[in-house]
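Please examine the sequence and the structure before reading the solutions.

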Amino acid sequence: MRGTALVLGGGGPVGGAWMTGVLAGLAEAGVDLDRADVIIGTSAGAIFGARLAAGEAPGELYERQLARSDKVELRVTAAQTIRFLWAALGSRDPQRSVRRLGRAALGAHTGPESELLDAVGTLLRGARDWPGRALRITAVDAETGTLETFDAHTKVPLLEAVAASCAVPLVSPPVTAAGRRWIDGGSRTTTNVHLADGYDHILAVAPIPKAVGPHPSAPQQAAQLAAQGAEITLVTPDRPSRRAMGRDLTANARRPAAARAGHTQAMALAHAVHAVWRGGV
């Protein structure tokens, strides 16, 4: 398979804001993101990937972060954090780790699925149908720990697919779709760069380079694809961006600063990204 793939990872409200800054900065610098033959989105990347695929411009995504629109309240308690870490770090085996996390999510007392669906529906800005552009949304089966992707051919509505990808274990309820229960697509790996295997020109934006637990990082996955011959650019937060993002990636107050930092970082990287991306034409 030849062509270009745009891979967008998860990172909560703040990481998502940084990602919109990166996308907008690259677009302003002449990187034509519309050239992507496929968009692969995970968690926050599923939301913004769906909106890009539906035709929303990167600059619009960015401006809404600066204006403090697209606000979502993701409240994470200390108890939820402890239970998450206990489940994810309880095994050195990747499959066992994610299955522990899935079991914990299925047993957790969280709000109803309808609340998550409503929140995601608002962030999708009313988009309920799969776009014409190729879009793949990741989610993890809460019972088996298997990573799956949804697209226009899977008969899962776009809203349910994106909500499943955003269902943070122990914070949000697992989402029911296709007769299964699903948790955040970043539960195994935050960006799922490996799903771009087969594409020869890849741009991956990873607000969080590595998931909690014994799972491969985005840099490791990118290196593997590069070793197989793909031209790949992986963008992760630089030091100024990490400082702007802070440690609490649910803190809505940090979204504008994180978005600006991503925009600045992208402008500095644009020449190198453009060289890789242009090769996919």
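**Exercise 1.** State how many residues the largest nonpolar core has and which have the most contacts inside it.

*Solution.* The largest nonpolar core comprises 55 residues, and Val 162 and Leu 203 have the most contacts inside it. Helix 1 (residues 12–28) gives the most to this core, namely eight residues. A nonpolar core is a set of buried Ala, Val, Leu, Ile, Met, Phe, Trp, Tyr and Cys residues joined through side-chain atoms within 4.5 Å; buried means under 20% relative accessible area, exposed over 50%, and partly exposed in between (1.4 Å probe, protein chains only). Helices (H or I, at least four residues) and strands (E, at least two) are DSSP runs numbered from the N terminus.

The model is predicted: local features need pLDDT of at least 70, side-chain atom pairs count only at pLDDT 80 or more, and totals for chains, interfaces and linings use all residues. Residues are numbered from 1 along each chain as its sequence is written, and side-chain values use heavy atoms, with hydrogens and water left out.

**Exercise 2.** Explain why helix 2 is described as largely enclosed.

*Solution.* In helix 2 (residues 44–53), ten of the ten residues are buried, so the rest of the structure largely encloses this helix. Among them are Ile 47, Phe 48, Arg 51 and Leu 52. Just after helix 2, Gly 55 adopts a positive phi of about 110°.

**Exercise 3.** Locate Val 212 and determine whether it is buried, partly exposed or exposed.

*Solution.* Val 212 lies in the loop between strand 7 (201–205) and helix 8 (218–227). With a relative accessible area of 33%, Val 212 is partly exposed.
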